[in-house]
Each structure stands twice: as structure tokens, then as C-alpha cells.
Amino acid sequence: MNKQSNTYTIIYAVVLVLIVGVVLSVVYQALRPQQEENIANDTKRQILAAALITPKDGESVAELYSSHIEASYIVNSKGEKVDGATDPFDVNMALEVKKPADERELPVFECKTESGLKYIVPVYGAGLWGPIWGYIAMDSNGDTIYGAYFAHQGETPGLGAEIEKPAFQDQFEGKNIFAPDGAFQSVKVVKNGQEPSEGAYVHAISGGTITSQGVQKMLENSLSPYTAYFKRLESQTTEK
Amino acid sequence: MNLKKTFLPLFNPLSKDNPVIVQVLGICSALAVTAKMEPALVMTISVTAVLALANVVISLLRNTIPSSIRIIVQLVVVAALVVVVDQVLKAWNYEISKALSVFIGLIITNCIIMGRLEAFALNNRPWPSFLDGIGNGLGYGIILIIVSFFRELFGSGTLFGCQIFPESWYEAGYMNNGMMILPPMALIVVACIIWAHRSINKDLQE
């Protein structure tokens, strides 16, 4: 057969691509369960990180998660639990944050820690180059931040990427997201020397201005729909 | 008598014909994944596996490939192997696959791979091609490991994540060199290796 003919070339290309396609789909199907478990474990690690729980060497994240996370559910913007909604673990935050606040599904993870029950909520926003996200653990008074975890897809190393470092995240501990008069104020991310006279703030990352502003917007946008829910937590704790 | 000749494709790329410091191929990934030793090691294994397998596959097909689409055929084979490596890493070592992120996918565009397929696998039998793939993969890896050794040691004070410099040094005023973490330092380290290598092998000097 003439190897330079068009027919040979076309048949050759088609057969090659078909074989490669079959091989790749077999590999994908065979490895998928393990990959999904890895991704789920990574998410669990991030949720626990917000409540300042990190797995020690050799400790299984899945076990740690099931021993600490006591309940997880979806609330709406009125602070009521929604029955029959999506599993909070599977909520796609990238889609949720684009919806108006009163249509969102708002996941809450209740986490048992040494210093009492914490309420972990996810946050999601945009940095300079791509998405940034994280988890915020709230004290049971619904006002004070117990811990924060941030991650990013592709922020600049050494600049914006510093949001995933403890030096930035630890600043959030103990900040109040409500003003003394009860209005939602979030936490501002500000440059040195531009601290607001009132309200909670943390220091931005030098050289990472856009990412820092992204964190501030992300917190505002993602936490404000929880206002009613957090207020409800606050009234529960004062009753007790 | 022919033993030396048989294994020439395996040993030559380790020094005299090294893909990174002599042929100057694959520099971009050598800069990107060498801030820490562990990703560098995984990258070495991945590139070696892809290169050896791609060499064998192309060598087996070499008499059937229509010359008008031979580059495309090479690309399809390499891309398929790279996707397999990426999927395997995601399943078995998720942390590393996150650290290497796009660089695994970019193995496809690593010049070493297409270069060896064109220059060697298309004209040689599978066994020498396999050795050539392993040799070039390791030749690439040696440089990666050397570069990442210096970058991790002086940039983070660790090796494979274990602390090397004692705490007392830091208290005495020693500081990690932040510049080592950034890509430009990799280029400088590679240049230093080339310098040392050519001083030893005078026949490589132009």
C-alpha cells in the first residue's frame, strides 16, 4: 500500500485517534473514584483549616473531618434551614456567589473544637489572575471570627499568593463582622497607614493590592447573606 | 564488544550530550519546578516515563507513519501519555499534582520529547529508543535535582521538606535567600552548572 497516499494518511489518523481515545477513557474511568476521594479530602482539609484544625502526619483527613464536623446544612438569606437542598459539601460556590443574596444556597458546617462549637461558612471571589476562595469559622455568638482559611488558583507567588500564608490568615482571628450597633460591616483589608477609624480591619499584602481588595470584596459578598443566620446564632447564645 | 555501543543512548545524555546543559532543551520547566526537591523528583520521573514510552511507541510505528503527518502523530502519542501521567498523579499523589499543576500538562511541549522523537525514535529500533528515552529523561532529571537541591537548601533551608539548617543559625542572624525561590535564580544556577561542566569537558567548549 502506498504510504504517501491521502487515503492511507486519513485512515491512519482516524485509527490512531480512536485507539488513543479508547485508552484515555479507560484510564479516566479506572482512576476517577480515587481522584474524587482526593478532591473531597482536600476540601475537608480546607474546611478544618478554617477552624484551626490541621491533620498531623499520617492522620486521615476524612476521619478527622467526621469526628469534628457534627452537622452541615443549607440556610437561606432569612437564616432558616432549608430541607431537601443540595448537600452543603457539593454546593458550587462559583455559581452561588453570582446569584442575588436571597436566592443563594448558603452552606454551614458545624464544627466541634476545644473552645466550643464553631460555624464554618465558605467564601468565594476573584483575585488578580483567577478565583480565590476560603472558609471562615465563626464563634457561636455569630459575630467574632474564630479562624480563616484562604486559597487561590494562580495568584502571583510572593505577592497575592501570600493570602494562603498563616501570617495573613491569622490576622482575622477575633475580628467582629458586625458593628457595635448591629449593622453588617465585614472585615476591611487595608494598607498600612490607611486604617479606618472604626470597624474591623486587617492589613493588606504589600504588592498584592488587587488580591487584597479581592479578599475584602469576597468577604463582603459572601458573608453578608448570612447576616440573618448569624443574628439568629447571637440571639440563641444570649438566651442561654 | 558492542556492549558500550548498545548503552551509548543511555549514558551519553547523562553528561556529554545532556539535554539541558548541552542541547539547552527543556529550560522552561527546569526553571519552574525546581524551587523544591520533591516536585523536581516527580517531574523527573514523569518526564522519563513519558519520554521512554513515547520513544518506544513511535519507534514501533516508525515504518507505518505517513511522513506528511508524522509530527501530529508524535504529538497525539505524547499528549495521550501525558494525560495518563496526569490522571495517575491526581489519583495517587494529589498534593504533588496540585504543586505541579499545569507543568505536567506542559510536558507535551517540552522540547526534549519532540526532539528525541524526531532525532532518534523515528530512525531506531524500540530497544535503543527506550534506552535513549530513559537516558535523556535522567539527564534532564539530574540537572533538575542539582538545581532544586541548591534552591531548596538556600531558599527555604530545607531538603525534601526536612529542616537542614538548625534553628540556632536563624537566631544568630542567618536568613533564607528569598531570591532562590524565584525563577531567575534557577537560570543562574543552570548557568553555573553549564560553566562547571564545560570547564571539565574542554571538548564541549566552542
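1. **Ground rules.** Residues count from 1 along each chain as its sequence is written, while chains are lettered from A and ligands numbered from 1 in the order in which they are written. Because the model is predicted, local features need pLDDT of at least 70 and side-chain atom pairs count only at pLDDT 80 or more, but totals for chains, interfaces and linings use all residues.

2. **Confidence.** Chain B has an average pLDDT of 86. (pLDDT is the predictor's confidence in each residue, from 0 to 100.) In chain B, 98% of the residues score at least 70. The model has an ipTM of 0.73 and a pTM of 0.73.

3. **Elements.** Chain B holds 11 helices and 2 strands. These are DSSP runs, numbered from the N terminus: helices are H or I with at least four residues, strands are E with at least two. The order from the N terminus is α-α-α-α-α-α-α-α-α-β-β-α-α.

4. **Overall form.** The radius of gyration of chain B is 19 Å; a compact globule of 206 residues would be near 17 Å, so the two agree. (The radius is taken over C-alpha atoms, and the globule rule is 2.2 Å times the number of residues to the power 0.38.) Along the principal axes, the C-alpha atoms fill a box of roughly 65 × 45 × 30 Å.

5. **Burial.** In chain B, 37% of the 206 residues count as buried. A residue is buried if 20 or more other C-beta atoms, placed from the backbone, lie within 10 Å of its own; it is exposed if 12 or fewer do, and partly exposed in between.

6. **Two helices.** The axes of α4(B) and α9(B), residues 126–156, come within 8 Å and cross at roughly 165 degrees. That makes α4(B) roughly antiparallel to α9(B) (angles run from 0 to 180 degrees between N-to-C directions, and over 145 counts as roughly antiparallel).

7. **Thr48(B).** Thr48(B) sits in α4(B), residues 37–61. Thr48(B) is partly exposed, because 19 C-beta neighbours lie inside 10 Å. Its contacts include Ile134(B) and Gly137(B); a contact means C-beta atoms, placed from the backbone, within 7 Å. Thr48(B) and Gly137(B) are 89 residues apart in sequence, yet 4.0 Å apart from C-alpha to C-alpha.

8. **Ala54(B).** Ala54(B) also lies in α4(B). Ala54(B) is buried, because 25 other C-beta atoms lie within 10 Å. Among the residues Ala54(B) touches are Val77(B), Leu117(B) and Gly133(B).

Definitions and conventions: Contact = placed C-beta atoms within 7 Å. Parallel < 35°, antiparallel > 145°, perpendicular 65-115°, else oblique. Lists of a residue's contacts leave out its neighbours within four places in sequence.
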